Structure formats: C-alpha cells, structure tokens
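Good morning, and thank you for making time for this item. I would like to take you through one structure, moving from its side-chain pairs to its overall make-up.

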Amino acid sequence: MALALLLWGSTAKACAPDLHSQSAAAILQREFSNSGLSFLLLNDKGEVIAQRWPAPERETPVGSLIKPFLAVAYGRTHDLFPVFQCHGKKTCWLSRGHGELGVTQAIAVSCNSYFHQLLVEAEPGFAAETLQGFGLTSQDSAGLDKLELFEKGLGWRAAPLPLARAYLDLLNYSEDKSVDAVLKGMALSARSGTASAVERELHGVHALAKTGTAPCVHRKKAPGDGLALLMVPSDHPRLLLLVRVHGRPGSAAAAVAARMIAAVEKTGSHP
C-alpha cells in the first residue's frame, strides 16, 4: 500500500508537505512496510506528517483507546474517582485480575473490569457532553447507546484522525483533575503498563501511551487488531503516533509504534 504524504490543518485541509514531513514519511515507508500496519503521525498542531491509513476520517473499532475519554467524562460529573476490585476471569483481559486499583492504574493496565464497573455506576448519558466536546460522538449509531455497546463488549467506534486530535486536545486541559489522572495513567502505561515496551524501545525517553485491542477489520481475519497511541516527549509532546497492527495485541502495537518514533527521532525528521 502506498504511503500518503499529506499535511492537514486543523480543519483537515491539505497543504504541501515540508522537507521534515517528507523525510519522516520516507523513513516510515522504508522501514515499516508491513501491509498489516496502519498509522497516523501528527505534530503538536494536529497536522498529519505522514500516514498509511485508508479513510482516516471514517469510523473503525478503537477498543480501549476510548477509555481515557470515558474516565474524563466520569471525573467531570462526579466528585471522586472510585476504587474497584478486578477479579479477572471473564471480566478482564487479565485472567488473574488486577486486584484493587484506581483510575490512573486502570488506564495504565487498560483494565476492562474497572471500566465496566465505572459505566455501571455512572448515570446514563454521563459521557455525552465530554465526548462531543472532544469530537468523538457520531450520528451513525442508529439510536444505539454507545455506552451499552461498550459495556456488552461489542466495541466502540471512532474515526482515527479525530481520535488522534482528541488525544492532543487532552493536553490543553491538563489542569483538569480528571484529565491529569488520565495523563498520569498514560505515562504509567509507557513505563510499566500495557505499553511498557515504549520506554524500553525509546531508551528512557518518557512518553504518554494508551493501548487497545479491537475487532479485526482486515479481509484476512484475525482474533483482533492491536492499537497503540503514543505522544512524545511526555512533558511537552511534539509528536503523536497512532498505529493499528493486524492480528497482534495492543502491547505489541505499542512496541511497533515506539520503534517508529525512534526511527523518526533518530534522523531528526520531525518538525
């Protein structure tokens, strides 16, 4: 699949790619040519530096990448985040369970049980305003409650490009206590959570990360597709990379994303 060399403004209008963007795109095309890999590389303004993702404004399953926004929505409508017990087994991807954990830890390890319990406790429609504010609501759900879909394990859909920009938008609300808890969880994920391969691959460079596994969308079906979103460096992100890897879990997608960031950073091919 050919690599598209596109730059987008905040309203998704195309403009001519600069030399940095062309260099980054060429590196990613040359070193990461796997046809099962889709990606979007953005700068801190939300402009696309490089992409290999068909129709990035069309909705697709995004799995646990929606969890940070559900957490923010809950935090904005409640005084405190709850602490829940994850027993694993059929309630979470980790069969032995995560034990007792709060929202920051739940983001870091992408605990399904925690977010299931959060949704059960929350009022119907609690997330609507927050999701709309981040541009993550859509009109194609035929009246179905997306929280119900998530809770039943049927997955959550969002368009990759607006989703990536929504993550960048989170950084503008870092003083919001709910957003702060989420960003701390993403930092912890890159250090020791489901995206722990990130800081190993980046040799100690701190990052913000979130992983997910979603239903496979490829013609050759697999148990699922791994997703990972990285923002580097963690204190003032310059780059955001969203990847989807066919037939691999989110943790493996995080390792691939980290290698891609390292390749771009190594040559200085970023804005």
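Let me begin with a definition that I shall need throughout: a residue is called buried under 20% relative accessible area, exposed over 50%, and partly exposed in between. Please also keep in mind that this is a predicted model.

With those limits, take Asp-176. Its relative accessible area is 22%, so Asp-176 counts as partly exposed. The side chain of Asp-176 meets that of Arg-76 in a salt bridge, at 3.0 Å from N to O. This pair joins distant parts of the chain, since Asp-176 sits in the loop between α7 and α8 (177-192) and Arg-76 in helix α2, 100 residues apart. Arg-76 has a relative accessible area of 37% and is therefore partly exposed.

Phe-69 belongs to helix α2 (residues 67-77) and Tyr-167 to helix α7 (residues 160-170), so the pair ties together parts that are 98 residues apart in sequence. Are these two residues buried or exposed? Both Phe-69 and Tyr-167 are buried.

Let me return to the charged side chains. In total there are five salt bridges, among them the one between Asp-176 and Arg-76 already described. Another is formed by Glu-201 and Arg-259, with 3.4 Å from N to O. Here, too, distant parts of the chain are linked: Glu-201 is in helix α9 (residues 197-201) and Arg-259 in helix α10 (residues 250-266), 58 residues apart. Glu-201, with a relative accessible area of 27%, is partly exposed. Arg-259 stands at 37% relative accessibility, and so it also counts as partly exposed.

A further salt bridge involves sequence neighbours, Arg-30 and Glu-31, whose closest N and O atoms are 3.6 Å apart.

I turn now to the strands. Strand β9 (residues 208-214) is mostly covered, with six of its seven residues buried. Which strand pairs with β9, and in what sense? Strand β10 (residues 225-232) does, in the antiparallel sense, over seven bridges. Within that pairing, Ala-209 has Leu-230 of β10 as its bridge partner.

Finally, the chain as a whole. The protein chain has ten helices and eleven strands. Of its 271 residues, 55% count as buried. Among contacts in the protein chain with a separation of 6 or more, 63% come from residues 24 or more positions apart. The accessible surface of the chain is about 12,600 Å², and carbon and sulfur atoms account for 53% of that area.

Thank you for your attention.

Note on methods:
Residues numbered from 1 in each chain as written. Predicted model: local features only at pLDDT ≥ 70, side-chain atom pairs only at ≥ 80, totals over all residues. Heavy atoms only, no water. Helix = DSSP H or I, 4+ residues; strand = E, 2+ residues; numbered from the N terminus. Buried < 20%, exposed > 50% of the residue type's maximum accessible area, 1.4 Å probe, protein only. Salt bridge = Lys/Arg side-chain N within 4 Å of Asp/Glu carboxyl O. Pairing = 2+ DSSP bridges. Contact = heavy atoms within 4.5 Å. Areas by Shrake-Rupley, 256 points an atom, 1.4 Å probe, with all protein chains shown as cover.
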